[in-house]
Amino acid sequence: MEMSSEQQSFSSQMKTESVERRTANYKPNIWNYCFLQSLTNTYDEEKYRTQAETLKREVSCIFDEEKDPVAKLELIDCISKLALSHYFEKDIYETLNTMVNVNNSGSTMEDNLYRTALYFRILRQYGYAISQDVFLCFTDDVGQFMTSKHLDAKPILQLLEASYLGMESECLLDTAKVFATENLSANHEFISLPCPLHLSVGWFNVKKHIHVLEKENNKTNKSMLLQLGRLNFNMVQAQQQKDLKDILRWWKDLDLSENLIFTRDRVVESFLWAVGVASEPQHESPRKWLTKVIMFILIIDDVYDIYGSREELEYFTRAVNRWNPTEIQQLPESIRRCFCALHDTTNDMDLQIQQVKGWDSVLPYLKKGWADFCNALHVEAKWYHTGYTPRLWEYLDNGWISSSGPLLSIVVLFGVAV
């Protein structure tokens with residue numbers, strides 16, 4: 001005799017109530033929704049955009065007026081640190097192409113460590129295949145960097161920054177890193193570089209670089225660059241505040257936080273992660289997509305690690321793999337709502353990507369990303385429930401997927417691809 005839908009629901013509720021749920025004792029959300037929605041910023045007005053366009057034209061002229069190669073490299077470096085590179089891509093690449101062609105046509109690098117390290121770092125940063133051999137002239141017969149009592153911290157800091165752009169098996173850059181670190185430590189200068197530029201999130205350092213530029217502002221081009229840096233920072237912040245308000249409304253409309261009391265409510269933190277990946281104003285949609293995906297990653301991770309029973313995780317994993325809401329009838333309401341929200345949000349994201357990018361549907365790739373992620377989490381959950389301790393290779397082979405890296409990479413690729 002088959003059970004009715006009401007009997008199945010009652011049976012499922014009884015099973016749910018009998019499951020012993022764990023807790024991670026997450027701290028409550030510290031952000032006040034009403035306060036964040038009340039934020040205002042006048043830098044989204046048209047007059048500031050007009051002012052920025054004027055400053056961009058003036059800064060662009062500097063590339064033609066400046067003849068000193070080192071000054072041009074420093075200009076590009078400063079533009080990058082102020083998160084203005086997307087405004088001057090054409091100027092930057094024309095300048096660097098000219099420098100590369102000049103050096104490839106027979107001109108040699110000057111015997112100047114600061115210039116060489118800056119040249120190497122900027123070219124590597126912008127994707128040029130420059131060899132580590134440019135540093136050979138600063139090494140002795142056994143490949144060690146030669147010290148000089150005339151060297152101050154500036155070239156050593158630049159060498160250290162350059163060494164972080166080394167690739168696997170580039171031993172000379174490994175040697176450079178050791179040399180620079182020891183040299184700066186011996187002279188108590190290492191505190192000047194708390195985190196290399198290459199390992200930093202560029203947008204979150206902009207304010208610091210603005211303050212540095214204010215102290216050394218004694219040139220016309222630096223003055224215009226400083227004005228543009230300040231203005232752009234405020235304009236971008238206005239756009240990001242608007243994006244955050246939209247995301248918070250989306251999260252509130254989902255009405256999941258009241259039902260998913262076992263998981264983390266970290267909308268603002270997720271948005272800040274997305275800002276670190278794509279801070280530019282033109283990446284409004286990717287920021288929102290990425291924030292939504294991060295939120296669901298946190299929720300689903302807690303479903304597998306904390307809340308779900310072994311049987312419930314089987315059902316949930318099957319539902320994600322088949323991308324079918326009818327597969328979740330045996331699950332408790334909280335997990336059902338989680339899957340339905342994930343299903344609807346991902347489908348909606350696919351439609352938005354089609355509209356914004358003009359592409360065909362990318363839903364198959366998004367579905368596979370979520371399926372791979374959940375399958376990897378399911379493997380870890382089975383390890384936990386059976387008391388199995390994986391070998392290192394097993395853990396790493398599964399962990400690079402359960403860490404959500406591939407899933408986030410798919411979203412970033414779809415979001416910022418031109």
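This is a predicted model: local features need pLDDT of at least 70, side-chain atom pairs count only at pLDDT 80 or more; totals for chains, interfaces and linings use all residues.
Residues are numbered from 1 along each chain as its sequence is written, and side-chain values use heavy atoms, with hydrogens and water left out.

Helix α17 (residues 405–416) has 12 residues and reaches 16 Å from its first C-alpha to its last, close to the 16 Å expected at 1.5 Å a residue; the expected span is 1.5 Å times one less than the number of residues. Its buried residues are Leu-407, Leu-408, Val-411, Phe-414 and Gly-415, buried meaning under 20% relative accessible area, exposed over 50%, and partly exposed in between (1.4 Å probe, protein chains only). These residues lie on the same side of α17, because they cover an arc of only 130° around the axis, the arc being that of the directions from the helix axis to the C-beta atoms.

## The annotated region

A UniProt record, an unreviewed entry, places the feature "domain: Terpene synthase metal-binding" at residues 252–416; UniProt positions are given in the numbering used here, feature names are shortened, and annotations may be inferred rather than shown by experiment. Over residues 252–416 the chain is 75% helix and 0% strand, and the end C-alpha atoms are 26 Å apart.

Thr-317 is placed in helix α13 (residues 310–322) and is buried, with a relative accessible area of 5%. When residues up to four places away in sequence are not counted, Thr-317 touches Tyr-304, Cys-374, Asn-375 and His-378.

The 16 residues of helix α8 (residues 171–186) should span 22 Å at 1.5 Å a residue, and its end C-alpha atoms are 23 Å apart, which agrees. Buried in α8 are Leu-172, Leu-173, Thr-175, Ala-176, Phe-179, Ala-180 and Leu-184; seen down the axis, the buried residues fall within an arc of 155°, so they line one face of the helix. What covers them includes α6 (113–125) and α7 (153–163), whereas Cys-171, Glu-182 and Ala-186 are exposed on the other side of α8.

Cys-195 is placed in the loop between α8 and α9 (206–215) and is partly exposed, with a relative accessible area of 38%. Cys-195 and Glu-161 are 34 residues apart in sequence and 9.4 Å apart in space, C-alpha to C-alpha.

## Aromatic rings and charges

The structure holds 19 aromatic pairs, counted where rings of Phe, Tyr and Trp (its six-membered ring) have centres within 6.5 Å, with planes under 30 degrees apart taken as stacked, over 60 as edge-to-face and the rest as tilted. One of them is the tilted pair of Trp-383 and Tyr-388, at 6.3 Å centre to centre with 50° between the planes; Trp-383 is buried, with a relative accessible area of 15%, while Tyr-388 is partly exposed at 37%. Phe-120, Phe-135, Phe-145 and Phe-179 form one aromatic cluster.

The charged end of Lys-56 sits over the ring of Tyr-87, 4.0 Å from its centre, and that of Lys-177 sits over the ring of Tyr-164, 4.3 Å from its centre. A charge sits over a ring if NZ of Lys or CZ of Arg is within 6 Å of the ring centre and within 35 degrees of the ring normal.

Technical notes. Helices (H or I, at least four residues) and strands (E, at least two) are DSSP runs, numbered from the N terminus. Contact means heavy atoms within 4.5 Å.
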